[in-house]
Amino acid sequence: MKINITSPSFDEQELLLLKQCLDSKWVTQGAFTQQFESLFKQRHDVQYAFATTSCTAALHMAMVALDIKPDDEVIVPAFTWVTSAHCVEYVGAKVVFVDIEPDTFNIDPAALEAAITPKTKAIVVVHLFGLAAKMQEIIEIARKHNLVIVEDAACATGTTYNGKPVGAIGDIGCFSFHPRKVITTGEGGMVTTNNLKLAERIKILRNHGATANPNIDTSKPYYMGNFDHLGFNLRFSDIQAAIGVAQMAKLDGLLAGRLACAKQYDLLLKSVSEIATPKSPSLCGHSYQSYVIRLSEGGIDRRNLLMEALANEGIQTRPGTHAVHRLGYYKNKYGIEPNAYPQASKSEDLSITLPIFPDMTEADQHKVVNILKTALSCSENK
Ligand SMILES: *Cc1c(COP(=O)(O)O)cnc(C)c1O
């Protein structure tokens, strides 16, 4: 039997709400999107939330709303999904990579401070794999240098830092509802903020740049809205939002399921000295969107052998994520040396994301770990 890296949790509730949406004949952004946003705001203790087509779209709107310009520098961790950096490129600004801490895979606050220049405007703080970044240290640095914080909380729906939901701690939070994430709507994202001015901008950007003219009666049939801004069509669909409403209702259960799986892996892998399991520093919550282990003895060839051994038994795995500075676009554009951010590179080369999802059985977790252990002993000198 195959074990996939993830498996979304759907039941009758999604079908029921989906049918309600279709029966209503309203399928673009409407009542279900509003309900989804409202549930999301409550759960994340944040004032404004705007559903959109992806976290990538959310990050793009964040950069535009914050008025990041071509001469500005934005700091991005070197180990993350590509769009944490792409969003900076979309507005023509300069990406400045910063290395990560090997034990958390999150941005290293000391390296972050060292990368700040007079041109630095913002930091994209990634809560990678659902583990909250060290927000207290990061906020102190941001305040000192007058920088705005965009939280890339793609993996971190429901994650907390010091008891407070992430995505509502910095200036703007961006979430993903891709099938690999904590909740899913197929594709989808959310922008959150507590700043009214930013909220107004995001709302306008999402809807073609349209605003209402306060001097015109907008109920007139000939009124078409004002278009004073260059916006996008990044509206959400109510078909997806209906699924999102059903997913939000089970968020706590989904997180509990993931946590239980992570604890079980921790236990099963405790005696395996060549594997480092995920660590959560104090104050930093974890959604376990991914359970990423790191090989501590041997290099990329041995890591690849382990992944192939798992694949041969039908077990799907992936490397943790990208060392983005080594990807062609960034390497070529900025002339970055491959070993410039050694922890990010090592993390890409030595990490394995094991299958994890709320309904994963203990038996399947045992199977994954047993195959991994056998492959480790067969590859000892590699
Ligand atoms: C998944 C992910 C994204 C992109 O989310 P999409 O909704 O697929 O656009 C961005 N950043 C991180 C850290 C991610 O894991």
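Here are some friendly notes on this predicted model, one point at a time.

1. **The overall build.** Let's start with the whole chain. The protein chain contains 13 helices and 16 strands. Its radius of gyration is 22 Å, close to the 21 Å that the globule rule gives for 382 residues, so the chain is as compact as a globular protein of that length. If you turn the model along its principal axes, the C-alpha trace spans about 75 × 55 × 35 Å.

2. How much of the chain is buried? Buried residues account for 54% of the 382 residues.

3. **Contacts along the sequence.** Take the contacts in the chain with a separation of 6 or more: 71% of them join residues 24 or more positions apart.

4. **Charges.** The side chains include 37 positive and 40 negative ones. The centres of these two sets lie 2 Å apart.

5. The contact between them takes 43 residues from domain 1 and 39 residues from domain 2.

6. **A loop residue to look up: V91.** You will find V91 in the loop between helix 4 (83-90) and strand 4 (94-98). Is V91 buried or exposed? Its relative accessibility is 15%, and the cut-off for buried is under 20%, so V91 counts as buried. Leaving aside neighbours within four places in sequence, V91 is in contact with H60, M63, V64, I68, K69 and P70. V91 and M61 are 30 residues apart in sequence, while their C-alpha atoms are 9.7 Å apart in space.

7. **Two residues with positive phi.** Most residues other than glycine have a negative phi. With that in mind, look at D45, where phi is near 50°, and at N146, where phi is near 60°. D45 lies in the loop between helix 2 (31-44) and strand 1 (48-52). N146 lies in the loop between helix 6 (135-144) and strand 6 (148-152).

8. **How open are those two positions?** Exposed means a relative accessible area over 50%. D45 has a relative accessible area of 51%, so D45 is exposed. N146 has 72%, so N146 is exposed.

Note on methods:
Residues numbered from 1 in each chain as written. Predicted model: local features only at pLDDT ≥ 70, side-chain atom pairs only at ≥ 80, totals over all residues. Heavy atoms only, no water. Helix = DSSP H or I, 4+ residues; strand = E, 2+ residues; numbered from the N terminus. Rg over C-alpha atoms; globule rule 2.2 N^0.38 Å. Buried < 20%, exposed > 50% of the residue type's maximum accessible area, 1.4 Å probe, protein only. Contact = heavy atoms within 4.5 Å. Lys, Arg positive; Asp, Glu negative; His and termini not counted. Charge placed at Lys NZ, Arg CZ, Asp CG, Glu CD.
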